[in-house]
Amino acid sequence: MDISRNAFKRALSRRELQIGLWSTLCSNLGAEIIGQSGFDWILLDTEHSPNELPDLVAQLQAMGTGTASPVVRAAWNDPVLIKRILDIGAQSILLPYVQTAEQAQRAVESVRYPPRGIRGVSAGSRASKFGRIKDYLRKADEEICLIVQIETRSALEELESISCVDGVDGVFLGPADLSASLGHLGEPQHPETQSALRDAAARLARLGKAAGILAVVEADARRYLEWGYTFVAVGADTALLATSADALARSFKRPAS
């Protein structure tokens with residue numbers, strides 16, 4: 001039995017367009033449904049949703065027959081959290097609030113086995129098909145995709161040094177937190193935030209580094225694609241459910257007299 005090749009990582013290295021969806025429903029059935037919708041990647045969130053390891057295992061299993069590569073966002077750039085996410089079989093991981101090149105380097109070390117890193121060694125994890133992939137420990141590092149999230153003014157100032165850390169496969173911009181950091185809480189459409197996002201895409205393109213972003217409004221997503229973002233989440237499962245449910249309810253409710 002051989003290790004699964006990470007198609008998402010290879011697409012990022014070539015800066016190929018990857019259209020994704022954000023998932024915070026913490027549901028294996030939800031993950032199965034959207035995983036078969038034709039997206040290139042699905043973000044399973046643990047930072048801003050009550051998603052725990054048993055939930056993630058079920059979601060990864062459910063996505064096994066779909067088209068989308070799962071990407072798991074850890075709650076923090078913490079070696080213990082990262083180790084546990086990798087051991088359950090996630091090959092692509094997004095780490096929030098990376099502020100410096102040193103923090104990016106720590107993230108790289110957390111996803112790699114010694115001597116290149118500090119990832120703890122398990123001989124029988126789900127990632128290795130419970131020990132059936134005999135050379136998993138030797139090949140795992142090359143199949144792990146590491147994305148760091150930049151979401152503050154100070155991190156933007158360190159964009160180049162963070163992005164150029166060996167082992168960082170992509171850089172994800174967080175519009176909501178970046179907007180708050182710039183003094184525009186709840187206003188990701190503020191001109192200063194949008195200008196910063198456009199500038200970040202251009203800087204990453206000059207470095208040849210894949211740039212990612214989340215947009216729950218179609219016009220925003222298309223604008224980000226025009227700016228050069230190459231892996232874009234164009235919606236969220238919770239937003240899709242809420243919007244469709246609200247619209248259906250309105251279509252059948254009588255107008256107030």
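**The chain as a whole**

The structure is a predicted model. Its chain contains 12 helices and 8 strands. The radius of gyration is 19 Å, close to the 18 Å that the globule rule gives for 257 residues, so the chain is as compact as a globular protein of that length. Along its principal axes, the C-alpha trace spans about 70 × 40 × 30 Å.

Of the 257 residues in the chain, 49% are buried. Contacts between residues at least 6 apart in sequence were also examined, and 64% of them join residues at least 24 apart. The accessible surface of the chain comes to about 12300 Å², and carbon and sulfur atoms account for 54% of that surface.

**Thr 24, a loop residue**

Thr 24 lies in the loop between strand S1 (18–23) and helix H2 (28–35). Is Thr 24 buried or exposed? Its relative accessibility is 18%, and it therefore counts as buried, since the term applies under 20%. When residues up to four places away in sequence are not counted, Thr 24 touches Asp 45, Ser 49, Asp 237 and Thr 238.

| Helix | Residues of the helix | Buried residues |
|---|---|---|
| H4 | 79–87 | Ile 82, Ile 85, Leu 86, Asp 87 |
| H5 | 101–111 | Ala 101, Ala 104, Ala 107, Val 108, Ser 110, Val 111 |

Against which elements do the buried residues of H4 pack? They pack against helix H3 (53–62), strand S3 (69–73), strand S4 (92–95), helix H5 (101–111) and helix H6 (136–143). The two ends of H4 can also be described. At its start, a side-chain oxygen of Asp 78 reaches to within 2.7 Å of the backbone nitrogen of Val 80. After H4 comes Gly 89, which has a positive phi, near 115°.

The buried residues of H5 are covered by several elements, including H4, S4 and H6. Strand S5 (145–150) and helix H8 (159–163) also belong to this cover.

Terms used
Residues are numbered from 1 along each chain as its sequence is written. This is a predicted model: local features need pLDDT of at least 70, side-chain atom pairs count only at pLDDT 80 or more; totals for chains, interfaces and linings use all residues. Side-chain values use heavy atoms; hydrogens and water are left out. Helices (H or I, at least four residues) and strands (E, at least two) are DSSP runs, numbered from the N terminus. The radius of gyration is taken over C-alpha atoms; the globule rule is 2.2 Å times the number of residues to the power 0.38. Buried means under 20% relative accessible area, exposed over 50%, partly exposed in between (1.4 Å probe, protein chains only). Contact means heavy atoms within 4.5 Å. Accessible areas come from the Shrake-Rupley method with a 1.4 Å probe; for residues, only the protein chains shown count as cover. A polar contact is a pair of N or O atoms within 3.5 Å; within protein, one must be able to donate a hydrogen and the other to accept it, and residues adjacent in sequence count only if both atoms are side-chain atoms.
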